[in-house]
Amino acid sequence: MIQLLLMVFIGILLLCFALFALGRKSRTKSEDYSDSDLELLRMLRLGSLEFDATNLFSDTDYRLLASEPLLRSLAQELRKDRRDIALEWLRELQKDVFSMWRFRSFLTRLGVAASIRNELSEAVRSLLLLSLLRVVRVSIRLLGPYAFGKTAIAVRTSVENLKRSCAARLSDLPRERWPQIAAEWQRVQGLRIYSAQ
Amino acid sequence: MAYLGVVLFLFSVSCQGLLFWRGWRWGGWHAYPLFYIYLSYTSFWTVAFLFFPHTHPLYPKVYWNSELVAAVLRFLVAWEVFRNVFRHGTVIRRIAGTVIVVVLVLLALAFWLSGPSPGVSSVIDFMRKMALSAGVWTVFVLGVARFYRIRIGQNTWGMAIGFLIFVSSEIANFAAFDLSSRFIPIWRFVHPFAYVFMLAVWTWSLWDYVPNPQNETDSSLGPLLLSEWQRQSAALDETIRKVIQP
């Protein structure tokens, strides 16, 4: 009896899991990328997000080295190196926030419908992120990489969410237009780099 | 109710026909042979039972024997999913294979220790356990793939999800049958519907050839990455040794 009840339960559980997975897949569209999808992924690729910064802000190895009197200078060196890397990474993160902001305005320019409220909230979000990044960078410069590690990781998550919202907005467009958008975005990026030089 | 049965039957035959047609167009037989063996077997019996009178004394025996073989052949689909998710010769395949073997052995052990359920059909009990094993196998394949962030192509993904929908309904269906006759009207409807739903998911996901995307780390890079890691590890050891004993 218990075995049968368990079987019914497992069966229903598996069924729910499969249906949930199916629903999720249809919501997130395909995970398989055609050429134009790859192009878009490249467009939305943010270098800073490809780096897992968790270890960078962890002070475990620093503490270990600092606990040995002989290794204290090495620990200081490690801390300084970490600080420089963290600052470099945060600079990249900042660049990527700008890049996503530009990408959103580029989509709006191409005629992707977005409500004013949505536009405003995204702009405020980006501004807040940029301000926070600035604060974190100053703090890390002054206090070292370990004091604001968690905040930096939280900022990274917010940038990831920003990227996701950009991708979602892009998915509102018909796929036939994606290669054209990719080409146009590359052109705009090229112009921007050229004018910066 | 009879009309619904006819609609479900026609829909399932159409899906099977479409699956074969599309598979033939893009070479599905070569890409997923084990899957098509199972599909051919079930399609054969779908047609064969049309010409087999239900009143024939041999009908129940033939029907249940065909179901028993189908229950075993379902492992071909599970294996197809497994071999397509984890490419041959990769470390992940070895890990996933070990995990799944351990889980299946534990499951078999649990079945053996619990013994057959008293007072119920041994055929149904066997089919239920086979379905559970195949379902667990598929769930673990998807779980391990998720853990290692292996991207699964639409073909394999649809194959796995459709298959899970059907086997899970079979587990619940056969357990509910033995539990109480009050569940029979519900599951008599749900189970065929789940079968048709599985065929619909398969038809949608196998419409075109969409294999697994190339995963980030190619297996040929393995030795290279390992030697690089060993080199860096040795260099780090050397530095620490120098610092400790200058």
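This is a predicted model: local features need pLDDT of at least 70, side-chain atom pairs count only at pLDDT 80 or more; totals for chains, interfaces and linings use all residues.
Residues are numbered from 1 along each chain as its sequence is written, while chains are lettered from A and ligands numbered from 1 in the order in which they are written.

In chain B, helices H7 (residues 154-179) and H8 (residues 184-205) have axes that come within 8 Å and cross at roughly 170°. Helices here are DSSP runs of H or I with at least four residues, numbered from the N terminus, and axes are lines fitted to C-alpha atoms over the stretch in contact, with angles from 0 to 180 degrees between N-to-C directions. The crossing makes H7(B) roughly antiparallel to H8(B) (an angle over 145 degrees).

Turning to the two chains, 26 residues of chain B are in contact with 22 residues of chain A (contact: C-beta atoms, placed from the backbone, within 7 Å). On the chain B side, H6 (122-147), H7 and H9 (222-244) each supply at least two residues, and H7(B) gives the largest share, with 13 residues.

Over in chain A, Ala86(A) sits in helix H4 (residues 72-109). Ala86(A) is buried, with 23 other C-beta atoms within 10 Å (buried takes 20 or more). Among the residues that Ala86(A) touches are Leu56(A), Phe57(A) and Ile140(A). Phe57(A) is 29 residues away along the chain, yet its C-alpha atom and that of Ala86(A) are separated by 7.8 Å.

Technical notes:
Angles under 35 degrees count as roughly parallel, over 145 as roughly antiparallel, 65 to 115 as roughly perpendicular and the rest as oblique. A residue is buried if 20 or more other C-beta atoms lie within 10 Å of its own, exposed if 12 or fewer, and partly exposed in between; C-beta atoms are placed from the backbone. Lists of a residue's contacts leave out its neighbours within four places in sequence.
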